[in-house]
Amino acid sequence: MISDRLREQTTRFTKEIQTLLNCTIASHVQIKAVALPVGDDRLFMLGHLMAKDRLTARRFRLKPRAPKAELWMDVSFQLRLDAEREHLMVDKSFFGLFGAEDAKQGLFHYDYERDKADGYPDAHLQVYAESELFATLNDPKADRARSLSKLHFPVGGKRFRPCLEDIIEFLIVERLVEARDGYEKVIETGREGFRKNQLMAAMRRDPATVEAFAERYGITGHARGK
């Protein structure tokens with residue numbers, strides 16, 4: 001059975017992502033969660049109109065500022081509980097921008113895959129672009145036809161990777177999409193929550209550094225909540 005803790009936390013996260021998108025740059029996005037067994041564990045897959053018979057998130061339209069342009073966003077997550085079975089953990093995430101609902105290439109995409117096994121950074125950015133300089137740097141024996149979009153730019157690792165709020169803000173401040181009134185507060189609230197969660201996770205995994213910090217700055221046990 002799926003634990004109540006996992007289901008409850010996933011439901012809350014689903015609502016947060018849906019609200020974030022619909023209150024900033026999108027309309028009528030419906031983030032759905034589908035539970036899947038993985039060995040003795042469980043995970044939830046999240047995305048726009050995700051369904052058991054189609055375990056792929058559907059892209060949704062954005063409103064570009066440029067007339068007659070078309071822009072679609074792809075957002076998906078895989079969630080599970082951490083090793084202590086207490087806190088919700090992102091196992092994978094994907095944020096991408098494309099010029100059509102079924103386009104293979106687009107503007108860019110951010111990927112996160114926990115403990116990625118192929119040697120590339122867990123959290124990385126790939127940009128669909130060309131560079132004459134990069135073409136000259138390719139190894140002619142192995143990478144003659146490799147494009148810039150194949151490079152995996154590291155972006156902060158497991159703890160300090162960009163959040164969805166960062167990508168939304170980028171699209172707005174670079175004048176690529178239309179935004180809803182009051183988007184700033186929505187973004188800042190969501191981003192502050194994400195960063196606090198990441199900080200708490202880092203502290204749980206590195207108590208020695210937390211203790212050293214507390215000693216250096218004279219934080220007493222009572223102040224630390226002991």
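The structure is a predicted model, in which local features need pLDDT of at least 70 and side-chain atom pairs count only at pLDDT 80 or more, while totals for chains, interfaces and linings use all residues. Residues are numbered from 1 along each chain as its sequence is written, and side-chain values use heavy atoms, with hydrogens and water left out.

One of the salt bridges links Asp74 to Arg59, with 3.6 Å between the closest N and O atoms. Asp74 belongs to strand β4 (residues 71-81) and Arg59 to the loop between β2 (41-48) and β3 (60-62), so the pair ties together parts that are 15 residues apart in sequence. Helices (H or I, at least four residues) and strands (E, at least two) are DSSP runs, numbered from the N terminus. Both Asp74 and Arg59 are buried; buried means under 20% relative accessible area, exposed over 50%, and partly exposed in between (1.4 Å probe, protein chains only).

A salt bridge also joins Lys116 and Asp118, whose closest N and O atoms are 3.3 Å apart. Lys116 is buried, at a relative accessible area of 18%, whereas Asp118 is partly exposed, at 45%. In the salt bridge between Asp143 and Arg146, the N to O distance is 3.8 Å. Asp143 is partly exposed, with a relative accessible area of 23%, and Arg146 is partly exposed as well, with 32%.

Cys23 is in no disulfide, and the nearest cysteine sulfur, that of Cys163, is 16 Å away. Cys23 is partly exposed, at 32% relative accessibility. Cys163 is likewise in no disulfide, its nearest cysteine sulfur being that of Cys23, and Cys163 is buried, at 4% relative accessibility.

Strand β4 is mostly covered, with eleven of its eleven residues buried. In a regular strand the side chains alternate between the two faces of the sheet. Both faces of β4 are covered: Leu71, Met73, Val75, Phe77, Leu79 and Leu81 are buried on one side, and Trp72, Asp74, Ser76, Gln78 and Arg80 on the other. Pairing of two strands requires that DSSP finds at least two bridges between them. β4 pairs with β2 in the antiparallel sense over four bridges, and Gly47 stands opposite Ser76 of β4. β3 and β4 also run antiparallel and are joined by three bridges, Phe60 having Met73 in β4 as its bridge partner. The antiparallel pairing of β4 and β5 extends over ten bridges, and Asp74 has Gly96 in β5 as its bridge partner. β4 and β5 form a hairpin with six residues between them, and Arg85 in the turn has a positive phi of about 60°.

Pockets were identified on a 1 Å grid over the protein atoms alone: a pocket is an open set of points, where a 1.4 Å probe fits, with protein on both sides within 12 Å along at least five of seven lines, and lining residues have an atom within 4 Å of a point. Grid points are joined across faces, edges and corners, and a volume is the space filled by probe spheres set on the points. The largest pocket holds about 1100 Å³ of space. Its lining comprises 38 residues, with Phe13, Gly193, Phe194, Asn197 and Gln198 nearest the centre. At least two lining residues come from each of α1 (4-22), β5 (88-98), β6 (106-113), β7 (123-127), α4 (164-173) and α5 (183-205), and α5 gives the most, with eleven. The lining of the largest pocket divides into 19 nonpolar, nine polar and ten charged residues; Ala, Val, Leu, Ile, Met, Phe, Trp, Tyr, Cys and Pro count as nonpolar, Asp, Glu, Lys and Arg as charged, and the others, Gly among them, as polar.

The second largest pocket holds about 330 Å³ of space. It is lined by 19 residues, of which Met45, Ser76, Gln78, Ser93 and Phe94 are the closest to its centre. β4, β5, β6 and β7 each give two or more residues to this lining, and β4 gives the most, with four.

How values were computed:
A salt bridge is a side-chain nitrogen of Lys or Arg within 4 Å of a carboxyl oxygen of Asp or Glu. A disulfide is a pair of cysteine sulfur atoms within 2.5 Å.
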